[in-house]
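The following exercises concern the structure shown below. Each task is followed by a solution in steps.

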2 protein chains.
Amino acid sequence: MAETNQREATIRDVARLAGCGIATVSRVLNESGPVSDTSRRLVVDAARELGFEFSDVGRSLRNAVTRTIGCVVPSINNPVYAAAVQGIQTVARANGHQLLLSCTGYDLDEEYAAVKTLIGKRVDALILTMSDIKASRAVELLHNRKLKHCLLFNHMPGIPQRSAVDNCSAGFRVGLAFAEAGHDRVGYIALRLAQSDRAQQRFEGLSAFCQTTGLEAPALLEIEEQSRNLDQRLSAFLIANPAVTGLFVSNDLLAIAIIGALRRLGLSVPGDLSIVGFDGIEFGQMLQPTLATIATDPHAMGQASAYMVLSSILRRPATDTLAASADFEFRPGGSLGRPPSKDALAKKLQLLRQLSPAHASF
Amino acid sequence: MAETNQREATIRDVARLAGCGIATVSRVLNESGPVSDTSRRLVVDAARELGFEFSDVGRSLRNAVTRTIGCVVPSINNPVYAAAVQGIQTVARANGHQLLLSCTGYDLDEEYAAVKTLIGKRVDALILTMSDIKASRAVELLHNRKLKHCLLFNHMPGIPQRSAVDNCSAGFRVGLAFAEAGHDRVGYIALRLAQSDRAQQRFEGLSAFCQTTGLEAPALLEIEEQSRNLDQRLSAFLIANPAVTGLFVSNDLLAIAIIGALRRLGLSVPGDLSIVGFDGIEFGQMLQPTLATIATDPHAMGQASAYMVLSSILRRPATDTLAASADFEFRPGGSLGRPPSKDALAKKLQLLRQLSPAHASF
DNA sequence: GATGGATATGGAAACGTTTCCATAGTTAAA
DNA sequence: TTTAACTATGGAAACGTTTCCATATCCATC
C-alpha cells in the first residue's frame, strides 16, 4: 500500500512554476486560446515536471458536466449483462466518458439507492436495467429530475429505451418452435419470477401462443434461489406434470443448470425432455447438445443505449449503425428435439417418483 | 430521451426556500452540528420540496475525496474478471464507495489511458489488472504520485497486491496432475502469450515441473486471436507434436474453445487428448466431461483487493475475513484421463494429416 | 442589572477549474 | 507621432460544498 496521499499538483502550482497566470496554463494545456511560444514551453515543462494532471472534479464543478455515465444492472456475473456493460463501456470511452457501475443484485432497494447515489454523483446520463420496472421506485426519482436516462432490457411506456427485446414476442416464438417440433404440452421455468418483469413477459408470450393455438396453458415452475434443492424442485415439478415434454427456461444460465439437474435425475436432453433457453449466450453453443435458445445481442444493445444517451449529451447526431440491436431470433439447437413416446417418459418418471423420497432427504 | 437538463437544486436554493443560511442547511442534512427544531423542519421540508440531493462534485472538491475507486480490467466478458469486479463492487458499495470501471481489451495503450483518466477523476484508489505488468507504462504513473492502489491477478515486486494466485506454482501443479495421470509429454496453449504475464507464469510453472522431473519441455502453441482458424492452428500443432497427450490451456475460456475445436477435428477428450484449464469457472463443471482445472476464487480476490484499498482509505482496520482468497487448488475433471495408446492417437493424427489441406483452405 | 457561558446561526474562505473581461504590449495604418 | 487594431496575458468570478469563526440570542448566576 502506498503511503499517505500527498496533495496533487494543481493548475496554480504549474502557474507558479512557469511564472505565469493560471489562465495561461489552462489555455496552453487545453489548447483553448492564444499563447506565445515561450509561455507554451514554460507551461508544458512545468506541467511535466510536476506530473500535473487536471482535476476532473474542479472541472466538473465549473462545467456542470462530469463526463460520466451511470450504469445500473442486476449483476455482471450473468454474461448477458456483462456483455451489455462491456458494450456501454466501449462506446462511452470512445466518446470520452467514464462508466460508473452499480450492480444491484436484483434488489429493489439497492436499485433505488444506486440511482440516488448516481444522481448525487451528477452523472451526465443513466442507463438502467431494473429487475421489475413496474415496481421500481427508482424511476420516480428520474421523473421530475430531468436527468438523461434510458432503459436497457426493460420496457416502460413513459421512459425512453432503445434496447430491449420484445420478450413477449420472443416467448411466443418459443411456443411456435416447440409446436413445430411436435410438443403439445410445455412448461416454463423461471428464477424469481415475481422480481423479473422480463421473465414474466416471456411467460406471457408463451402462454399467448398456447392459447391462440388451443394448447393447454404452460405449467409453471418458479425457482426462488439457484440452490442445491433445484433437483428436488424439478423432480417434483416433472412428476406433477407428466405430460410436459418441452421446457422453456427463462434464461440460458438457468437452462444450463436445468440440463445439469435433469442429467442428475437420469433424464436426457432432448431424449426425454426438450429445452429452450433465452439470451443466446456463447456457452450454450459449447454444450453437447447445443442449447436451443432465443439469440439476442446484449453487447449491441449496450452499445445502442450508450449511443442513445451520448448523442443527446453531446448534441451531435449519434453515429448510430446499430438499428437492429434489439432484434432476436430463434436459434435451433440439439436441446430441442421431437417429444419422446408417452410411454418412455412415463416410465422414467415412474422411476423418478420412486426415488423421490431419497431426493427429498437432502 | 428526457428534455434538456435543468439546473439541479443547490444547497443555496434550499437555504433560500427555508429562509436560513447554507451552513444551517448543511448542518441539518448532514446532521453535523447543532440546529434548532424549527430550522430542522424548515430545511427538511424545503429540501424535500426541491428534490434536493447534495452534489458530490462540490463535496469532492471541498473534501478532497471522491468516494470513488477506479478499476481497470481487461474485459468483463471473461467470467473471471466479471466475478472479480462484482466482488470489488460489492465491497466498495458496502463502504459507501462507487466503482469507476474501465475495460481495456488487453491493450497496453488503453491501460495507460485508463489509468491516466482515472487519476484525473481523482479516484481515491485504483485496483488494476494489467495484461503485462512488466511492460506496463501505466504503473509508472502511479509510482511518483502516491495514489493508493493495488494489483489484482498481477504480481509485481514494488507494488502492493493482495490477490493474485501464484501462477507459477499452479502451473507446476498442473504438470504434476498430468504426470500422475500417466502423461509424459504435454503441451501448453495460450492466447496472446506475449501480452499476458499470467499466461507466461503458468507456462513457466509447467516447464519447471517438466524440468525437475526430467520430462521433455512442453510444446508451446500460441494463439493470436480466438478466431476461426483455431482448428487449423490446433491441427497443425498436434501433427507437429504427435507425442503430446496432455494439453494445459492458459484459461478455461480458451480450454472450452479448444475442446470444441478438438471435437470438430474428430478427436475426443479425454479419449485422445487430456485437457486441463485454468480459473475454475462454473461453466467448466457443466460440460461433459467436466473440465479439469485450477480452481481459483476471483470473487473473493476482488473483495480482498477492495478491502485492502478501502481499509487504508478509511483508516480503520479492515473487516477482513478473506485471508485465503488467492489460494488455488487443482480440481480434477473428466477432461483429464489416462493417455491413449500411442497407436490409437497416431492413427487419428494420420487421419488428420490427410485432412489437413482441406482445413488449410478455409 | 451586569457578566458569563451556552446554543444556534450565518458569513466567508477554500477546494480546482474555465472563461469573461480588462489591460499591457506590439504592430500597422493614418 | 498619434490612433487603431490586434495579440497575449492575468485577475477575478463562478460552480456547490464544508467548516471555521464571529455574532446574536438566551438563560442562569452573581
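## Exercise 1: A sheet and its helices

In this predicted model, helix H8 (residues 167–180) of chain B lies across strands E6 (186–191), E8 and E9 of chain B, and runs at about 160° to E8(B). Helices (H or I, at least four residues) and strands (E, at least two) are DSSP runs, numbered from the N terminus. Angles run from 0 to 180 degrees between N-to-C directions, with axes as lines fitted to C-alpha atoms, for helices over the stretch in contact; contact means heavy atoms within 4.5 Å.

Task: State which strands of chain B helix H9 touches, and in what order the strands of the sheet lie.

Solution. 
1. Helix H9 (residues 197–212) of chain B packs on the sheet and touches E6, E7 and E8 of chain B; its direction makes about 175° with that of E6(B).
2. The open sheet of chain B has 4 strands in the order E7-E6-E8-E9, with parallel pairing. Two strands pair if DSSP finds at least two bridges between them.
3. Strand E7 (219–223) and strand E9 (274–276) of chain B are the edge strands, each pairing on one side only.
4. From one strand to the next, the twist averages 20°.
5. Strand E8 (residues 246–249) of chain B pairs with E9(B) in the parallel sense over 3 bridges. B:Gly246 stands opposite B:Ser274 in E9(B).

The model is predicted, and local features need pLDDT of at least 70, side-chain atom pairs count only at pLDDT 80 or more, and totals for chains, interfaces and linings use all residues; side-chain values use heavy atoms, without hydrogens and water. Residues are numbered from 1 along each chain as its sequence is written, and chains are lettered from A in the order in which they are written.

## Exercise 2: Two copies and their interface

Task: Determine by what turn and shift chain B can be laid on chain A, and how many residues of each chain are in contact.

Solution. 
1. Superposition is by least squares on the C-alpha atoms of residues with pLDDT of at least 70 in both copies.
2. Among the residues of chain B, B:Leu100 comes closest to the rotation axis, at 2.3 Å (C-alpha).
3. In the interface, 65 residues of chain B are in contact with 65 residues of chain A.
4. The copies meet through the same surface, because 100% of the interface residues of chain B are also interface residues in chain A.
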